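This briefing walks through the packing and the charged pairs of the structure shown below, grouped by topic.

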Amino acid sequence: RVAHLTEVVDIDHPDDDTRVYAVRGELFFASSNDLVYQFDYVGDPRTVVIDMSEAHIWDASTVATLDAITAKYAAKGKNATIIGLNDDSANRHERLSGTLAGAH
């Protein structure tokens with residue numbers, strides 16, 4: 001039930017090469033498990049912006065999930081940027097990003 005407290009919404013296409021997603025909700029191990037499957041890695045354009053201004057990162061598993069998402073885009077030759085993290089989430093992401101290889 002908790003996993004459904006988050007959502008990923010396609011909110012904007014400012015140009016042909018950019019798609020903007022909004023992630024909303026509280027992200028922790030139970031709610032971030034399926035987050036990685038909610039993006040269109042193949043169909044998305046070269047630039048993807050993931051707006052986290054309506055989300056909160058609570059734990060390392062969510063950071064690992066965000067790392068996995070950006071890595072999946074990179075593997076397809078695309079650039080995914082995460083924006084809008086609140087201070088607490090940004091600190092957690094900065095501290096843990098890249099240190100959790102294999103966590104997902």
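Helices, like strands, are taken here as DSSP runs numbered from the N terminus, a helix having at least four residues. On that basis, in this predicted model, aspartate 88 and arginine 92 are four residues apart in helix 3 and so are separated by about one helical turn.

**Salt bridges**
- Aspartate 88 and arginine 92 form a salt bridge in which the closest N and O atoms are 3.2 Å apart; aspartate 88 is partly exposed at 34% relative accessibility, whereas arginine 92 is buried at 16%.
- Salt bridges that share partners join Glu7, Arg24 and Glu54 into one network.
- Within it, glutamate 54 meets arginine 24 at 3.4 Å, N to O, and because glutamate 54 lies in strand 3 and arginine 24 in strand 2, the pair ties together parts that are 30 residues apart in sequence.
- Aspartate 44 and arginine 19, both buried, are joined by a salt bridge of 2.4 Å, N to O.

**Nonpolar core**
- The largest nonpolar core has 19 residues, and those touching the most other members include Met52, Ile69 and Tyr73; strand 3 contributes the most, with five residues.
- Methionine 52, leaving aside neighbours within four places in sequence, is in contact with several residues, among them Val23, Leu66 and Ile82.

**Helix 2**
- Helix 2, residues 60-75, reaches 22 Å from its first C-alpha to its last, close to the expected 22 Å.
- Its buried residues, including Leu66, Ile69 and Tyr73, pack against elements among which are strand 3 (47-57) and helix 3 (87-96).
- Glycine 77, with a positive phi near 75°, follows helix 2.

Notes:
Residues numbered from 1 in each chain as written. Predicted model: local features only at pLDDT ≥ 70, side-chain atom pairs only at ≥ 80, totals over all residues. Heavy atoms only, no water. Helix = DSSP H or I, 4+ residues; strand = E, 2+ residues; numbered from the N terminus. Expected span 1.5 Å × (residues − 1). Buried < 20%, exposed > 50% of the residue type's maximum accessible area, 1.4 Å probe, protein only. Contact = heavy atoms within 4.5 Å. Core = buried A, V, L, I, M, F, W, Y, C linked by side-chain atoms within 4.5 Å. Salt bridge = Lys/Arg side-chain N within 4 Å of Asp/Glu carboxyl O.
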